[in-house]
Amino acid sequence: MSEQQSKLQVDLNDEGLEKARRMVEEEEMGLRRVSGWQRCLVPIVALSWSVFQLSLASWLLLDSTYVRAIHLAFALFLIFISFPTFKRRIDIPGLRWLSATDRIPLMDFVLAFFAAFLALYIVIDFEGIASRVGLLNTRDMILGTLLILFLWEASRRVVGPALSIIGIFFTIYAFFGPYFPDFLAFKGVSINRFIGQISLTTEGIFGVPIYVSAKIVFLFVLFGALLEKAGAGRFFIDLAMSLLGRYKGGPAKAAVLASGMTGLISGSSIANVVTTGTFTIPLMKKVGYPAEKAAAIEVAVSTNGQLMPPVMGAAAFIIAEYVNLPYLEVCKAAAIPAFASYVALFFLTHIEASKLGMKGLPKIELPVFFKVLTNGFHYLIPILYLLYELIIPRHSPDLAAFRATMVLFVLMFVQHAVRAKKDKTSVSAGFKRGVIDIYEGLVAGARNMVSVGVATAAAGIVVGVVTMGLGGLVTDIIDVLSMGNLYLMLIIVAICCLILGMGLPTTANYIVMASLTAPALVTLASLNDFAVPLIAAHLFVFYFGILADDTPPVGLAAYAAAAIAKSDPIKTGIQGFLYDIRTAALPFMFIFNTEILLIGINSFWEAIFIFVMTCLGTCAFAGATQGWFIAKNRWYDFLALMLVCGMMFRPYFFANLIGIEERHLSYLMGAALFGAIYAVQKLRIRKNNQPVAA
């Protein structure tokens, strides 16, 4: 590639990533863009929040209740000064401030300071509240009630009304449960107990989810924001394009790889879409993908990015707390399903390219791999160091993230200076640019956390109500609806996750559903003489919460991708969900075959074997559901591919069915059938001169 073409490539990437950042801001529920002295306020508060969180991870020692309260106070303050009350313009005299986006109205300043005070009340009167447990005074009742109301309003502003409505429903149910029909009757709680447990203890708003958000999630989100600001996003895209762009459907395959790499550090499907999609979607359209399919592929790979350890949409850390497992064990359990899902998606993009008779991009239009790797290898250093900290010395996630962030700070500080010296330009200007990047990354990280912080706190209301005794009732309801059938039970839980996920962020959806249904799954399965490990139940809920991001009619990732592709968002969401059916199959499979989660697997080579077999199963499922393997399927191809899926995903069942004791034989028979289908379709292609997908 010539120097001029290389420069053009960089300019295109810079333009795309800048557009992505603008789109992320637009997605932030009507984020204000103020001027004058107010323009400095949000960055100052956001910077202070990031510095506070980094201090907690290094030298500052505080009681966990203080950590939770200060974390929530920062989030609430930022929300009320950053987001208007209503997104739609209010044109009524005297009420225009409700939708003002060019300034921060005085009322929102008042609300912001009062909301922060309400969040801090639990530590302002820490000793008094502790001495009055169960005997709240009037001030406790008033301020506790106001905190719940302010939290619902903040949640409505930043993540939409769904989470607030769910919280209100559970609150009403907590008080009026005794008046519901027998099937739904709940013993109910007193207002004193409700306010005390939800607002003034660590069993509600200040429970486990917000503690994990404050202690761990913030540092990982900050790490991802800093890495993106350093330029890693562009490096991932260029690296993926240099490797895969020249192959059939190359831009789509590059989107899979780039989004997978971005998913390592990003917990947001929408951010993943707008970061990689602004570049990959136009290129997919250029090589022949229809707009809806180009957008849908980006949606599918971006939602799957939340499955990728170590961040996993911030839920991995909460899962670890809920199931009482080391964080590394959660990542280990999630690894094979995540990577197998991406392998199947590679195959799926190849199928689509084959159906449409596509070719790759000309080599001259692509970046040079070794040049990209040489220029951007330093971006891998903090990621590799993070993985080293987690895997080798096995430090805690917060310590590992903090140390990796310190390495990233050094990289960001010197990288522009090194380039300046290389280009014989001002080294001091390079150092200055590095400081600016660090500052902007710290601000971006805090701003990215407001939705997570408020969502975990608001979801804590639901968790608090469940712990008051509602959990057993939920188990009974699911048992009645499923009539004791485990398959029907799983389908009911999956549908509930998808419906809730249409209006909730992934993390909040997981928290709500995990508190309601994950323990119920384990309990009811045991009553049916079937053991479901707790980690499997939690990952099941998590997977279906993620899939809601591309489930119409509300899938937000689909809307973001459709805006880039200029396609219909509903059609994009439907197509994206069809691509993601292979991901929807995986949770059912690891419920029945926990080897996929590496439970009870201690041999490295056995883990590799199971990974390969799982990949074959997911590819067979993708081929069956898309109607194409290496050529167009016939009815018996479909049946054979589904049989391969069954043999790969439930080897014990098939081994028992045919009367063999060794489950590995079931895997090998499935692999042999997979190869036979390939051979039969290959012969058919030669005979009919049919287009080939391999």
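pLDDT is the predictor's confidence in each residue, from 0 to 100. The views below show a predicted model.

**View 1. Confidence across the chain, with residues 1-21 and 23-29 under 50.** Mean pLDDT for the protein is 85. A value of 70 or more is reached by 91% of its residues. Residues 1-21 stay under 50 in pLDDT, and the model gives them 28 contacts beyond four places in sequence. Residues 23-29 also stay under 50. For residues 23-29 the model has 22 contacts beyond four places in sequence. Where pLDDT is low, predicted coordinates should not be read in detail.

**View 2. Helix α7, residues 161-176, end to end.** The end C-alpha atoms of α7 are 22 Å apart. This agrees with expectation, because 16 residues at 1.5 Å a residue should span 22 Å. The buried residues of α7 are Leu163, Ser164, Ile166, Gly167, Phe170, Thr171, Tyr173 and Ala174. Ile166 and Thr171 are taken up in the next two views.

**View 3. Ile166 in helix α7.** Ile166 has a relative accessible area of 13%, so Ile166 is buried, the cut-off being under 20%. Beyond its neighbours within four places in sequence, Ile166 contacts Val462, Leu500 and Leu504. Ser242 is 76 residues from Ile166 in sequence. The C-alpha atoms of Ile166 and Ser242 are 46 Å apart in space.

**View 4. Thr171, also in helix α7.** Relative accessibility here is 10%, so Thr171 counts as buried. Which residues does Thr171 contact, leaving aside its neighbours within four places in sequence? They are Trp152, Phe194 and Ile461.

**View 5. The largest cavity and its lining.** The structure holds 1 cavity of 30 Å³ or more. The volume of the largest cavity is about 40 Å³. Its lining consists of Gln53, Leu56, Ala57, Ala214, Lys215, Leu219 and Asp398. Two elements, α2 (38-56) and α9 (208-230), each give two or more residues to this lining. Helix α9 gives the most, with 3 residues. By class, the lining has 4 nonpolar, 1 polar and 2 charged residues.

**View 6. Helix α13, residues 291-304.** This helix has 14 residues. From first C-alpha to last, α13 reaches 20 Å, close to the 20 Å expected at 1.5 Å a residue. Helix α13 is mostly covered. Of its 14 residues, 13 are buried.

**View 7. Glu389 in helix α17, residues 380-391.** Buried or exposed, where does Glu389 fall? Glu389 counts as buried, because its relative accessibility is 2%. Leaving aside neighbours within four places in sequence, Glu389 is in contact with Arg394, His395, Ala400 and Arg403.

**View 8. Met642 in helix α28, residues 635-649.** Met642 has a relative accessible area of 31%, so Met642 is partly exposed: that class lies between the 20% and 50% cut-offs. Not counting residues up to four places away in sequence, Met642 touches Phe621 and Ala624. Ala620 lies 22 residues from Met642 along the chain. The C-alpha atoms of Met642 and Ala620 are separated by 6.9 Å.

Note on methods
Residues numbered from 1 in each chain as written. Predicted model: local features only at pLDDT ≥ 70, side-chain atom pairs only at ≥ 80, totals over all residues. Heavy atoms only, no water. Helix = DSSP H or I, 4+ residues; strand = E, 2+ residues; numbered from the N terminus. Expected span 1.5 Å × (residues − 1). Buried < 20%, exposed > 50% of the residue type's maximum accessible area, 1.4 Å probe, protein only. 1 Å grid on protein atoms, 1.4 Å probe; cavity = no way out; pocket = protein on both sides within 12 Å on 5 of 7 lines; lining within 4 Å. Points joined across faces, edges and corners; volume = space filled by probe spheres on them. Nonpolar A, V, L, I, M, F, W, Y, C, P; charged D, E, K, R; others polar. Contact = heavy atoms within 4.5 Å.
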